[in-house]
Amino acid sequence: MKLAILATLAGSAAAFSPSASIGVSSSALRMSETDTEETTANTEEPVAAAASPIVVETPVIPAVVANGLNGWSADAALPMYGLPGAPYSFFDPLGFSKGTSLSAAKRLREAEVMHCRVGMMAFLGYLIGESTPTITYGMDIQHTIANNQLAEVSATILLPLFLAINFAEAFRASRGWVEPGNGSLFTIRETYYPGDLGFDPLGLKPTDATEFAEMQDGELSNGRLAMLAAAGMCAQELVDGQGILEHLGVLGISTQ
């Protein structure tokens, strides 16, 4: 009887003690699961490798949009880093562009483009201002020559004009120039293309890089000619005091 009780107590105690065989069995089970996962992974890898690659079609974006610089990439081996503006041959007898940095070259081109645009407007201003009705002179076209018109415009007209010019220049500076606190003075932004202010209400700007370069060549060529023409008109009126069309005897216009 005592032996039976002792055997029962020993069996009950053994039920609450850790079993070595269970640990070994669990370890063996975990190792078996790991081996199974590795075998499955090794089996799936060739299948994944054998699968055909997924081809993602990317839309063709014109260079003028892709890099933000109208298809132009700076090339130090070319004059003015390859900027458009020399459709036939590069002409810089005074060497303004030699040895300049990329930012300085872009700043020179920015100044040239802006003066070209002003020159084209001035050329038209000489002809239209002397031969059509104006705000200052009304319907009377027998008025002062263009050289003297600005001095005769009232302050109520000049003030809005000067404010508009100031706002336009402030916008151009904020778009194209690095803030003085973030870099050296007169530094052009890397992402700014000289003269491209994003103002194109008629949508004339080409989306093709080659076509844009051709349009830039045309703008610069016409602008350079217009600057020379406006300077010649100014000098001519200083010499004889006559309007341009009057000097040419066109339309019988007289500014006397």
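A residue is called buried when its relative accessible area is under 20%, exposed when that area is over 50%, and partly exposed in between. The views below come from a predicted model.

View 1. When the whole structure is searched for disulfides, the number found is zero.

**View 2. Helix 7 from end to end.** Helix 7 runs over residues 209-240, and its 32 residues reach 47 Å from the first C-alpha to the last, close to the 46 Å expected at 1.5 Å a residue. After the helix comes glycine 241, which has a positive phi, near 70 degrees. The buried residues of helix 7 include Phe212, Gln216, Leu220, Gly223, Ala226 and Ala230. An α-helix has 3.6 residues a turn, so residues three or four places apart point the same way.

**View 3. Glutamine 216 within helix 7.** Glutamine 216 lies in helix 7, and because its relative accessibility is 4%, this residue counts as buried. If neighbours within four places in sequence are left aside, glutamine 216 is in contact with Pro84, Val113, Tyr193 and Pro194.

**View 4. The largest nonpolar core.** Eight residues make up this core, namely Leu69, Trp72, Met80, Tyr81, Leu83, Ala105, Tyr193 and Phe212. In soluble globular proteins, nonpolar side chains tend to be buried together. Leucine 83, one of the core residues, is in contact with Trp72, Ala105, Lys106, Arg109, Tyr193 and Pro194, once its neighbours within four places in sequence are set aside.

**View 5. Glycine 129 and glycine 243.** Glycine 129 has its place in helix 4, which covers residues 102-131, and with a relative accessibility of 12% this glycine counts as buried. Although glycine 129 and glycine 243 are 114 residues apart in sequence, the distance between them in space is 9.9 Å, taken from C-alpha to C-alpha.

**View 6. Threonine 156 in helix 6.** Threonine 156 is found in helix 6, which spans residues 155-176, and because its relative accessibility is 64%, it counts as exposed. The side chain of threonine 156 also makes a polar contact with the side chain of serine 154, at 3.0 Å.

Terms used: Residues numbered from 1 in each chain as written. Predicted model: local features only at pLDDT ≥ 70, side-chain atom pairs only at ≥ 80, totals over all residues. Heavy atoms only, no water. Helix = DSSP H or I, 4+ residues; strand = E, 2+ residues; numbered from the N terminus. Expected span 1.5 Å × (residues − 1). Buried < 20%, exposed > 50% of the residue type's maximum accessible area, 1.4 Å probe, protein only. Core = buried A, V, L, I, M, F, W, Y, C linked by side-chain atoms within 4.5 Å. Contact = heavy atoms within 4.5 Å. Disulfide = S-S within 2.5 Å. Polar contact = N/O pair within 3.5 Å; in protein donor to acceptor, adjacent residues only side chain to side chain.
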